[in-house]
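Please look over the sequence and the model, then read the notes below.

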Amino acid sequence: MSDLITPSLVTLDSNLGADRSAVIRYLAEQVTAQGRASGADGLYADALAREEKTATGIPGGIAIPHCRSGSVLEPTLAMARLAPPVDFGAKDGPADLVFFIAAPDGADQEHLKLLSKLARSLIKKDFTAALRNAGSEQDVVDLVEGALGTGKAPAAAPVSAAAGAAAGTGTGSGAHAAGFAAPGGAEQSPAGEPPAAAKEDGEVRRLVAVTACPTGIAHTYMAADSLAAAAKERGIDLQVETQGSSGATPLDPAVIAAADAVIFAVDVDVRDKHRFAGLPVISAPVKRGIDEPGEMVEEAVAAARNPSARRVAGDAGGNDADADTSREGIGGTLKRALLTGVSYMIPFVAGGGLLIALGFLIGGYDITDVADTVVLENSFGNLPEGGLATYLGAVAFKIGQLSLGFLIPALAGYIAYALADRPGIAPGFVAGAVAGFMGAGFLGGIVGGLLAGYVAMMIGRLSVPRWLRSLMPVVIIPLVASLIASGAMFLILGGPIAGLTTALNDWLSGLTGSAAVVLGIILGLMMAIDLGGPVNKVAYSFAVAGLGAATTANQAPLQIMAAVMAAGMVPPLAMALATVIDRRRFSLAERENGKAAWLLGASFISEGAIPFAAADPLRVIPASMVGAAVTGAMVMGLGVTSQAPHGGFFVFFAIGGLQWFILSILVGMVVSAVIVVALKRLRDRKLDRSGAVAEPVAA
């Protein structure tokens, strides 16, 4: 195993810039200079994107920027001791100790365990004090290797009594090396304590917790140790399951059964949440587990004593919908459910749409008339009339058509899943299939999914005898929810929704001239108004749902798809162009994001403009909407079509009128870029006239 850190990766007492992006840039360049990454730009962009999700500063003047990146060639640590310190988002002030953790996308488990162990060491005050007092780069390397147990030097920080709670005996995971809990395992009670027992006098003695972050390298394990130490100080046994990149050892069911409450310090979904069903729950982002572990432990204790505290909903059979959702507003619940359904639907649509386009490319547009017969009656040894191209085209077309057939059931199924978790999937899929059978289309799928999800959720909340609980998620809920939701679609809702869908399709098919241009403007505005949010997804889902209705005589659905895709490409491309037109109006981080936005925009990923919109929404979003509206109008007016639902410029073979498609995007891109630059210049001139101090912009 190669060294994770070397003296050349350590920088002591240096001024690396005034903000976190400059520090991360420097450290990414150091990693690249040592031959451990293929390019500093890619590594920097990935680390900065992770930083924007959750600040990596933690109490004590420490920051741990980290990421997984395809640019990283081998797991690496780079360290900087800053003078002056730089703000990384910690509540107690800027950081002077910065560890940059760079992991490859396919890092092995042993390296991930070491990286996680380092993160845990950084919350120990004696270890960080030793780092601040280190006299040379080699001293820092020795301290780190000692903490990791990979060098000859002893660990700088022996395990304290508080930390010992987190580093004791693990269930089924063996002894912990070098006094640290095994990353990815379940943190158990201090060695020598008897197994957890049910409380007898109402006193809160035992808690359990789950920690998890998107990367699963640093915050997951630091939160675990911080929570365990805070609980130990309060005389409470807290056992933590770390669901990190280096694996996870689930908590013993007996430990969970004896717990008084559970803490979820997570930025991602908890795996197998149903194990904690019925326990009072405190939920927060993983960073709060590092910043405020004591407060979270005290809140969990209070929840355990409060009969009205919210609890993890569900049962041991797998109905693990969290009670948190019951506190969402109706609008928030609907938004979350719709976005979940669309996100799970997109792979079916993207793969299926591209395969259909490939089938047309290989077998010609007449392949629709013969595909069924060809795939059933022919083979490589018995080619149809038209030869190999017709046969392969028919196969690709049919696979794509069958994939698209899951569009409405998948949409409805995962809308229901978002509301009722796994017990909602089957009723949702069935309701979606009924909607498709009745011709209710995309709208029917949404209604059926919502109905199935709410019915399944309400049934799951019923109090039933213990002997019946195991049957609820696998038999009772799917049966009753399917009967109610699908029955309502057949008997009441399906017909009217099918009529509305047919009328809408007929109207779209008849759009020509100015009416089509107006529709293009509306679709363009919807694609840019929230950049991947619910309005954007509604427009996109509307477009892909119509692909199945397209025929040689009815090209309107294909034009709508082209307008939606082209308009969605404009915002990121426009922001990338704007950073080139007037780079001084954009921060260093925005200019770096602009480089990535070229590829994101070309691939039809509207979210590439989100960093710009988050920094300056009053200028970026209106400018994006204008450009996207222009593009949508041009695409519809020029009759451009797209048989592919995704891919941007990379599915050029599926675009009808490719030259007009490209021209429309270029015009919208220039319009948005010019507007956003003009708005930023106007803002700066107003600040100058008012005497206000404008934010400095790097040249």
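The model is a predicted one. On that basis the protein has 25 helices and twelve strands.

**Whole protein**
- The protein has 699 residues, and 53% of them count as buried.
- Among contacts with a separation of 6 or more, 74% come from residues 24 or more positions apart.
- The accessible surface is about 28100 Å², and carbon and sulfur atoms hold 62% of that area.

**Strand E5 and its partners**
- Strand E5 covers residues 76-86 and is mostly covered, with eight of its eleven residues buried.
- Strand E1 (residues 10-14) runs parallel to E5 and is joined to E5 by four bridges.
- Within this pairing, Val 10 has Met 79 of E5 as its bridge partner.
- Strand E6 (residues 95-104) pairs with E5 in the antiparallel sense, over seven bridges.
- Val 98 in E6 stands opposite Ala 80.

**Asp 291**
- Asp 291 belongs to helix H9, which spans residues 286-291.
- Asp 291 counts as buried because its relative accessible area is 19%, and the cut-off for buried is under 20%.
- The side chains of Asp 291 and Lys 287 are joined by a polar contact of 2.8 Å.
- Apart from neighbours within four places in sequence, Asp 291 is in contact with Gly 57, Ile 58, Pro 59 and Lys 91.

Conventions. Residues numbered from 1 in each chain as written. Predicted model: local features only at pLDDT ≥ 70, side-chain atom pairs only at ≥ 80, totals over all residues. Heavy atoms only, no water. Helix = DSSP H or I, 4+ residues; strand = E, 2+ residues; numbered from the N terminus. Buried < 20%, exposed > 50% of the residue type's maximum accessible area, 1.4 Å probe, protein only. Contact = heavy atoms within 4.5 Å. Areas by Shrake-Rupley, 256 points an atom, 1.4 Å probe, with all protein chains shown as cover. Pairing = 2+ DSSP bridges. Polar contact = N/O pair within 3.5 Å; in protein donor to acceptor, adjacent residues only side chain to side chain.
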